Amino acid sequence: MKTWVIPEHSNKAVQRASRTIGKGTGSPEEIQAARDILSNYRLAHAFPLNAVTVTVRQRALNVNPNAVVAERRKRLPTILDKLRRHPTMSVTTMQDLGGCRVVLESVAEVEELVSILRDLPRSKNRVKRVYDYLRDEPGPRNSGYRGIHLVYEYGASKMEYQGLRIELQVRTLLQHAWATAVETMDLFSGSELKYGKGDPDVLRFFVLVGSLMAYEEETAPVPGAHGSAEELADELRRLEASVGVLDRLRGYASIVSEHSKTDRRNTLTLELRRSEGLLTVTVHETLAEAEARLTELEAQDDDNLDAVLINIARISQLRDAYPNYFADTGRFTDFVASRISEPEASGVSPNLALGG
């Protein structure tokens, strides 16, 4: 029988620990104690996450028997990094320490499931907030991200978990393919596209794709990308010629295929010559060796060269977070290729079937 972690600290203690990490001013012992408190708080979300996922999975499969349902807890390094970027934030205000994701075939199915979950009778785990990133509450993010999020608050029988929040993300196949592609680019290029940081041309690329997907699904366009489908496709075609996002994603997919299941924990350096579309991968036996190579590449001060260091363990985590990684990235590249290769691309629909 599974043993669930329970919260061992008050919210005030968790808030103090958050400030200690965010400001980074404590002693090594104080910082370690803060990490331990935050780790316990994170792990304590497993039980309410499981409770929400059980309910969501049953309802999602009623909407579409091929619905993909997955759960994940936010990784501690990700939490610590977010606190350092936002020193006044507390982990107690983060709504996605425990997350559940549902991927469905169409916007109609997404909206059907959201409607069902919002109005479930006798549900003890209450939907406290709904963020509609498809239409108007608040609409697509500036980055191009689209989907619908529901924030649950645990309110069932186990008092120790009362008030803990779980985030549910409901997306279509296209929306999920977009998110997978962004996660992949961030991992391999060292960018933070999902936080609006990175090469402006690559950021714009994903905004345009998000809006073209919105046209495909007849939902609200992404802010800053309100032109016709033909105009957006023309701009996307020009950007792809200069930044080569599709070539990068195809190259990254081959790297994931080769290294995601290895037991070795060595390190890769990736060298992308953008104008030639040439991606070179070098496997290093030690981190020091990889760092030396990265320093050597950065010293070239070549605007045409993108160089990044990747730990193979992170590639495995990518596969864990996106079990259908190859289908997702393939769907993204197929969609973009269909839009930039045909003058009347807005009429071309990629295969959107679930379960393939």
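Close-up 1. Because R250 and D247 stand 3 residues apart in helix α9 (residues 245–259), about one helical turn separates them. In this predicted model, the two side chains form a salt bridge in which the closest N and O atoms are 3.7 Å apart. R250 is partly exposed, with a relative accessible area of 44%, and D247 likewise counts as partly exposed at 44% relative accessibility.

Close-up 2. The side chains of R248 and D306 meet in a salt bridge with an N to O distance of 3.6 Å. This pair links distant parts of the chain, since R248 belongs to helix α9 and D306 to strand β8, 58 residues apart. R248 counts as buried because its relative accessibility is 5%, which falls under the 20% limit for that class, whereas D306, at 28%, counts as partly exposed.

Close-up 3. R204 forms a salt bridge with E235, and the closest N and O atoms of the pair are 2.8 Å apart. Here too distant parts of the chain are linked, with R204 in helix α7 and E235 in helix α8, 31 residues apart. R204 counts as partly exposed at 25% relative accessibility, and E235 is partly exposed with a relative accessible area of 23%.

Close-up 4. The peptide bond that runs from E137 to P138 is cis, with omega near 10 degrees, and P138 is placed in the loop between β3 (126–132) and β4 (148–153). E218, a residue other than glycine, has a positive phi near 60 degrees; E218 lies in the loop between α7 (200–217) and α8 (229–243) and is exposed, with a relative accessible area of 69%. D301 also has a positive phi, of about 50 degrees, although it is not a glycine. The loop that holds D301 lies between α10 (287–298) and β8 (305–311), and D301 is exposed at a relative accessible area of 66%.

**Close-up 5. A surface patch of positive charge.** K12, R16, R19 and K23 gather on the surface in a patch of positive charge. Of these residues, K23 is placed in helix α1 (residues 11–23), and K23 counts as exposed because its relative accessibility is 55%.

Close-up 6. An unreviewed UniProt entry gives the annotation "domain: RelA/SpoT" to residues 71–193. In the model, the end C-alpha atoms of residues 71–193 lie 23 Å apart, and the span is 32% helix and 25% strand.

Key. Residues numbered from 1 in each chain as written. Predicted model: local features only at pLDDT ≥ 70, side-chain atom pairs only at ≥ 80, totals over all residues. Heavy atoms only, no water. Patch = residues over 30% accessible without salt bridge, like charges linked within 9 Å, V, L, I, M, F, W, Y side chains within 5 Å. Areas by Shrake-Rupley, 256 points an atom, 1.4 Å probe, with all protein chains shown as cover. Salt bridge = Lys/Arg side-chain N within 4 Å of Asp/Glu carboxyl O. Lys, Arg positive; Asp, Glu negative; His and termini not counted. Charge placed at Lys NZ, Arg CZ, Asp CG, Glu CD. Helix = DSSP H or I, 4+ residues; strand = E, 2+ residues; numbered from the N terminus. Buried < 20%, exposed > 50% of the residue type's maximum accessible area, 1.4 Å probe, protein only. UniProt positions renumbered as here; feature names shortened; annotations may be inferred.
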